[in-house]
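Welcome! Please take a moment to look at the sequence and the 3D view below, and then we will walk through them together.

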Amino acid sequence: MISGLSMELGNGRTIQFWEDRWLPPGVLKDIFPRLFSVSTLQGSVIRDCGFWDGLEWIWSFQWRRELFQWELDLVHQLHELLQSVKPTTEKENGVVWKFDKTGVYSTASFGKVLQAEVLPEEITSYSFTRAVWKGLVPPRVELLTWFVLIGRVNTKDRLCRFRVIAQQDNRCVLCDKAEETAFHLFLECETTWKVWCAWLLALGRQWSLPGTLNDHFESWTELSVRKVDRKKWFIGFFAVIWTTWLERNGRLFRDHTSSMEDIINRSFRYSEKWSGVDPIGC
Ligand SMILES: [Zn+2]
C-alpha cells in the first residue's frame, strides 16, 4: 500500500478515518484517544471527514460536546498531521487520495511553508476559538469560520504568499477592486458588506466597519443579552461567512455569479436551516 512517500488511498470511501492504519505515524484513534472518544465520526470513512471547498480538501470533525482548551490543542496537532495528506482529482472517475505533498495545485514548498507557519498565540489563549465550536451549525461551517478567524483560510493573498497563484491573480472576485484578503472578502468588500448590512437592517441595528474580523465576530456575537437572540446573531455570523465563501468559490471555479438579492437571501436561508427559525420573521 505504501510506496515511497506516496500512499494510494483510493477514493476515501473504504478506509476508516479513526480506526484504520492509513498514515505512517499509526492509527489515529491510538495517537489521539481523547479526540477519538468524543468524535461523532467513529467508524466513518475518510471521505465523510471533510469537504471540498472548490480548491482544496478541508478536514472537518464533529465532537459530542464543546472541547476544552487542551483538547483544542490536540485538534491543532491533528490538523498539522493531516496537512500532509492531500486528496487529488487527477483521475477522472473520482477523487484519489495520496499521502503526498503534491496535491491539486500544491508545490513541495507549499506543504513545508504551511507546516512551518506558527499559529498565532492568540489562537490558544483567545476565547473565540471556544466560542466557535458550539455545534449550532454543521461542523464544516464551524471549521471554515474558525479558519477565517485565525487567518488560515486560503484567500488569494495567502495563495500568492505561498506562490500557488501569481501576484496578478490576487483580485477579489466579488468586486474586482481590491486584493482578496480574508478581511476584505469576509467584511470590507462592498458585496459582503451589503450582506452584513442586510442583516443589521433586518434585525434593527446599526454600526460602523470593525477593525478586524475578530473584533467583528466578538461584537456581532455579543450584541444581544438575551440568550435566544444571541443564538440568532451567532448563527447569522456563520451564515454570512459561509454564503460569502460559497459565492466566492462559485465565481472563481464555476464562473457562476449570483445576484446581490440572491446572496443576501441565501444567507438568511442558511440561518433558517441551521436554527430552525426564520431570522427575520420574529
Ligand atoms: Zn471585493
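A crossing of two helices is called left-handed if the near helix is turned anticlockwise from the far one by less than a right angle, and right-handed if clockwise.

## The model and its overall build

This is a predicted model, where local features need pLDDT of at least 70, side-chain atom pairs count only at pLDDT 80 or more, and totals for chains, interfaces and linings use all residues. Residues are numbered from 1 along each chain as its sequence is written.

The protein has 13 helices and six strands; helices (H or I, at least four residues) and strands (E, at least two) are DSSP runs, numbered from the N terminus. Of the 282 residues in the protein, 27% are buried. A residue is buried if 20 or more other C-beta atoms lie within 10 Å of its own, exposed if 12 or fewer, and partly exposed in between, with C-beta atoms placed from the backbone.

Two packed helices are described by the angle between their axes and the distance between the axes. Axes are lines fitted to C-alpha atoms, for helices over the stretch in contact, and angles run from 0 to 180 degrees between N-to-C directions.

Helix 10 (residues 190–202) and helix 12 (residues 227–253) have axes that come within 11 Å and cross at roughly 155 degrees. Helix 10 is therefore roughly antiparallel to helix 12 (under 35 degrees counts as roughly parallel, over 145 as roughly antiparallel, 65 to 115 as roughly perpendicular and the rest as oblique). The crossing is right-handed. Thr-192, Val-195, Trp-196 and Trp-199 of helix 10 make the contact with Gly-236, Val-240, Thr-243 and Thr-244 of helix 12; residues are in contact if their C-beta atoms, placed from the backbone, lie within 7 Å.

## Helix 7 against helix 12

The axes of helix 7 (residues 139–149) and helix 12 come within 10 Å and cross at roughly 85 degrees, so helix 7 is roughly perpendicular to helix 12. Here Val-141, Leu-144, Thr-145 and Val-148 of helix 7 meet Phe-238, Ile-241, Trp-242 and Trp-245 of helix 12.

## Two loop residues

Is Trp-22 buried or exposed? Trp-22, in the loop between strand 2 (6–7) and helix 1 (28–31), is buried, with 20 other C-beta atoms within 10 Å.

Asp-176 lies in the loop between helix 8 (156–161) and helix 9 (182–188). Asp-176 is exposed, with 9 other C-beta atoms within 10 Å. The phi of Asp-176 is near 60 degrees, a positive value in a residue other than glycine.

Key. Two residues are in contact if their C-beta atoms, placed from the backbone, lie within 7 Å.
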